[in-house]
Amino acid sequence: AMAVSEDAAKLNQVSSELVAASRVSPEDLAVVANNFATVYGNCINHSMQLAGATKDSELQSEVIIQLKNCQSASNKLLSLSKLCVADPTTPHLKNNLTMSARSLTDSINNLLNACTSSVPGQKECDNAIRNLETLNNSLQDPSVPVSNENFFDCIESVVDNQRILEDNLKQLPTLAKANDRKVFASSIDEINDSLTALSHAAAQTAYLVGVSDPNSTAATPGIVDPDLYTAAHTAISAAVEKLTQPDLTQQEVLAAATQIAQHTSKLCNACKAASQKCDNPVAKRHFVQCAKDVPTAQLSLSRASRLWHQ
């Protein structure tokens, strides 16, 4: 478990380095990506060894699930890093890259939670430290929005979460001395949440100040909403991953299929709308074709899913 914990800390650190390198040059990214691959391999190997050494079948299954989540998050982070270094000026790529690094941190935390049974409070402290390391990325380059909050919403968030942070920091020594482990762990979680909210508010405020500068150039809205496509991709991927599990109930299969149908419908409508707005004939045909391909692929998936779970 100690080896897994050390590997996870290194993986989280190198994922932050990956995000930073994607803003510099392809050469820097290549060096960090190779290091990422090495650290990731070590983390997977040690986690598999731990899963193989335990006789708890439930723990083994949970570790395998979290390893798959780490693999998916790592692949997405590497892919987005490559896209971002090739086109560093595209705002939604930067935002997606930061969100991907955050997703990997969450996956790492879940993996460690499954692999370790440490002293109460230890897990929460480690999770908070890894979370702060990841949040540093959004503060280093606040050139894209991290939320829909306006300036006054951000100020209100800072005031509220600063109070929560102060209250929990004040009571932390008392809780530690009283050996109230459950409340201590809960307090650490609240500190983690408030620091996350403060970081997001700071990054959003910095972005708003920047775009409000008289010398800044107003952005031109695109014909597609990248956030809609990102949200649909995330939701569909999660549902498909769920469907690959062999022990699902009929209700769970139906819920996953419904989630896929809802988001594919949104994608179809978005592609149709984009084709109507698009002046480029090649892009217009591409959007029209996508609007046809998406429901076809969804129908094939639904059929395969029914056969899988029969």
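**Fold and packing**

Along the sequence, the protein chain reads α-α-α-α-α-α-α-α-α-α. It holds ten helices and zero strands. Helices (H or I, at least four residues) and strands (E, at least two) are DSSP runs, numbered from the N terminus. The model is predicted: local features need pLDDT of at least 70, side-chain atom pairs count only at pLDDT 80 or more, and totals for chains, interfaces and linings use all residues. Residues are numbered from 1 along each chain as its sequence is written, and side-chain values use heavy atoms, with hydrogens and water left out.

Take the overall dimensions next. The C-alpha trace of the protein chain spans about 70 × 60 × 40 Å along its principal axes. The protein chain has 310 residues, of which 35% count as buried. Buried means under 20% relative accessible area, exposed means over 50%, and partly exposed lies in between (1.4 Å probe, protein chains only). Contact means heavy atoms within 4.5 Å. Among contacts in the protein chain between residues at least 6 apart in sequence, 73% join residues at least 24 apart.

Now look at two helix pairs. Helix α6 covers residues 151-178 and helix α7 covers residues 181-211; their axes come within 8 Å and cross at roughly 155°. Axes are lines fitted to C-alpha atoms, for helices over the stretch in contact, and angles run from 0 to 180 degrees between N-to-C directions. α6 and α7 are therefore roughly antiparallel to each other; that label applies to angles over 145 degrees. The crossing of α6 and α7 is left-handed, a term for a near helix turned anticlockwise from the far one by less than a right angle. By class, the residues of the contact of α6 with α7 divide into 19 nonpolar, nine polar and one charged. Ala, Val, Leu, Ile, Met, Phe, Trp, Tyr, Cys and Pro count as nonpolar, Asp, Glu, Lys and Arg as charged, and the others, Gly among them, as polar.

The second pair is α8 (residues 226-243) and α9 (residues 250-277). Their axes come within 9 Å and cross at roughly 155°. α8 and α9 are therefore roughly antiparallel to each other. Their crossing is left-handed. The residues that meet include Leu228, Tyr229 and Ile236 in α8, and Val253, Ile260 and Leu267 in α9. The contact of α8 with α9 has 16 nonpolar, three polar and three charged residues.

What lies in the interior? In soluble globular proteins, nonpolar side chains tend to be buried together. Here the largest nonpolar core has 32 residues. Such a core is a set of buried Ala, Val, Leu, Ile, Met, Phe, Trp, Tyr and Cys residues joined through side-chain atoms within 4.5 Å. Leu11, Phe36, Val63, Leu77, Ile108 and Leu111 have the most contacts inside the largest core. α1 (2-21), α2 (26-53), α3 (57-86) and α4 (91-115) each supply at least two of its residues. The largest share, nine residues, comes from α4. Ile108 touches Ala8, Leu11, Asn12, Cys70 and Arg130, not counting residues up to four places away in sequence. A second, separate core of seven residues includes Leu165, Leu175, Ile188 and Ile191.

Finish with two single residues. Asn96 is found in helix α4. At 10% relative accessibility, Asn96 counts as buried. Leaving aside neighbours within four places in sequence, Asn96 is in contact with Leu80 and Thr230. Glu6 lies in helix α1. At 45% relative accessibility, Glu6 counts as partly exposed.

Key. Parallel < 35°, antiparallel > 145°, perpendicular 65-115°, else oblique.
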